[in-house]
Amino acid sequence: MKLLRRFYAALTITILAPLAMPGAHGAFAQAPKPWEVGMQPAANLIKQKIIDLHDLVFWIIALTTVFVAALLVVVMVRFNAKANPVPSRTSHHTGLEIAWTVIPVLLLVVMSIPSFRLIYYQDRTPNPDLTIKVVAHQWYWEYAYPDQGDFSIESRYVRDEDLKPGQLRLLDVDNQMVVPVGKNIRILTSSPEVIHSFFVPSLGVQRYAIPGRTIETWFSVDRPGVYYGQCNQICGADHSKMPIAVHAVSEQEFKTWTEQQKKSADAGAPAGAPPRLLAATDTTANQVQR
Ligand SMILES: [Cu+2]
């Protein structure tokens, strides 16, 4: 699987290198790429665990399929009417029946154990450092920071005509969700209207935002950069226009940002007014590294 992924990666780079955006040398960013096969690279341990589980299940499925296909070929060649004119009258074989019941059950158990472990690992935040409330609206995101002075920002997609060079269509937003690197971030999703879903592939996080409920999940980010995601629950007319951009910064930068946000919230400025610190780095931070 690793080899296969490396092959695809090499192929993608070869094909896409000449098409790379001019000046695409900014800060690290993780976004979907054209002709991508497989999953986005992991930006934390959760995503790595997801990839590992995927690889395990992939190989079990692949080997099972090859084995069953081989059996079918044997039956077609050795037991057709010409090769085997007098068929066997066997109707039971206890050993074989036990085997084809027990082996699939064992395979399911082998897949279910890491699967359940992963579900529970994603479910509750171990030692949360901060909480972000994610409220999904039709059709934008609201991120509230109750631990940092209870301010909230609104995050909307950038219209085609407003895209700056290097910004990604239907992925870049006016106000990014800013998080500190290396911290356990508890996410609480909710929605006032319809069901949405908070989904950032490279962070291994996906949770529905359901009216009347608050649902927990969590993530951490290993390195600074921008990580893109989208609402992935069909939620209405502008479903495609509610992307997610998570900007991971150092703890110090995060502190400065939250203080600025709190100040502008106290001064009655519109929530989510672009903070100076991040506005200065925006154009480079949003470029995708290839
Ligand atoms: Cu949505």
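Visitor: In which strand is Y228 found?
Guide: This is a predicted model. In it, Y228 belongs to the run of residues 225-231. That run is strand 10.

Visitor: Is Y228 buried or exposed?
Guide: A residue counts as buried under 20% relative accessible area. Y228 has a relative accessibility of 1%, so Y228 is buried.

Visitor: Which side chain makes a polar contact with the side chain of Y228?
Guide: Y228 and A245 are 17 residues apart along the chain, with their C-alpha atoms separated by 4.6 Å. The polar contact of the Y228 side chain, at 2.8 Å, is with the side chain of D172.

Visitor: Which residues are the protein donors of the copper ion?
Guide: The donor atoms lie 2.0 to 2.6 Å from the copper ion. In sequence the donor residues are spaced H-x34-C-x3-C-x6-M. The protein donors are H196 (ND1), C231 (SG), C235 (SG) and M242 (SD).

Visitor: What is the geometry of the copper ion site?
Guide: Four donors count as tetrahedral if all angles lie between 85 and 135 degrees. The angles among the four donor atoms of the copper ion are 90 to 126°. The site is therefore tetrahedral.

Visitor: With which residue does the side chain of T131 make a polar contact?
Guide: T131 is found in strand 2 (residues 130-137). With a relative accessible area of 8%, T131 is buried. The contact of the T131 side chain, at 3.1 Å, is with the side chain of R186.

Visitor: How many residues apart are R124 and E216?
Guide: R124 and E216 form a salt bridge, with the closest N and O atoms 3.7 Å apart. The pair links distant parts of the chain: R124 lies in the loop between helix 3 (94-123) and strand 2, and E216 lies in strand 9 (residues 215-219).

Visitor: Which residues are linked in a network of salt bridges?
Guide: R124 also meets D123 in a salt bridge at 3.5 Å, N to O. R124 is exposed at 51% relative accessibility, whereas E216 is buried at 16%. The network links D123, R124, R186, R207 and E216.

Visitor: Which residues form the nonpolar patch on the surface?
Guide: One member, F67, is found in helix 2 (residues 45-78). F67 is exposed, with a relative accessible area of 52%. The patch has about 390 Å² of accessible area together, and its residues are F67, V68, L71 and L72.

Note on methods
Residues are numbered from 1 along each chain as its sequence is written. This is a predicted model: local features need pLDDT of at least 70, side-chain atom pairs count only at pLDDT 80 or more; totals for chains, interfaces and linings use all residues. Side-chain values use heavy atoms; hydrogens and water are left out. Donors are N, O and S atoms within 2.8 Å of the metal (3.2 Å for Na, K and Ca); water is not among the atoms, so sites may look incomplete. Four donors count as tetrahedral if all angles lie between 85 and 135 degrees; four count as square planar and six as octahedral if opposite donors are over 155 degrees apart and all others between 65 and 115; anything else is irregular. Patches are made of residues with over 30% relative accessible area and no salt bridge: like charges are joined within 9 Å, nonpolar side chains (Val, Leu, Ile, Met, Phe, Trp, Tyr) within 5 Å. Accessible areas come from the Shrake-Rupley method with a 1.4 Å probe; for residues, only the protein chains shown count as cover. A salt bridge is a side-chain nitrogen of Lys or Arg within 4 Å of a carboxyl oxygen of Asp or Glu. Helices (H or I, at least four residues) and strands (E, at least two) are DSSP runs, numbered from the N terminus. Buried means under 20% relative accessible area, exposed over 50%, partly exposed in between (1.4 Å probe, protein chains only). A polar contact is a pair of N or O atoms within 3.5 Å; within protein, one must be able to donate a hydrogen and the other to accept it, and residues adjacent in sequence count only if both atoms are side-chain atoms.
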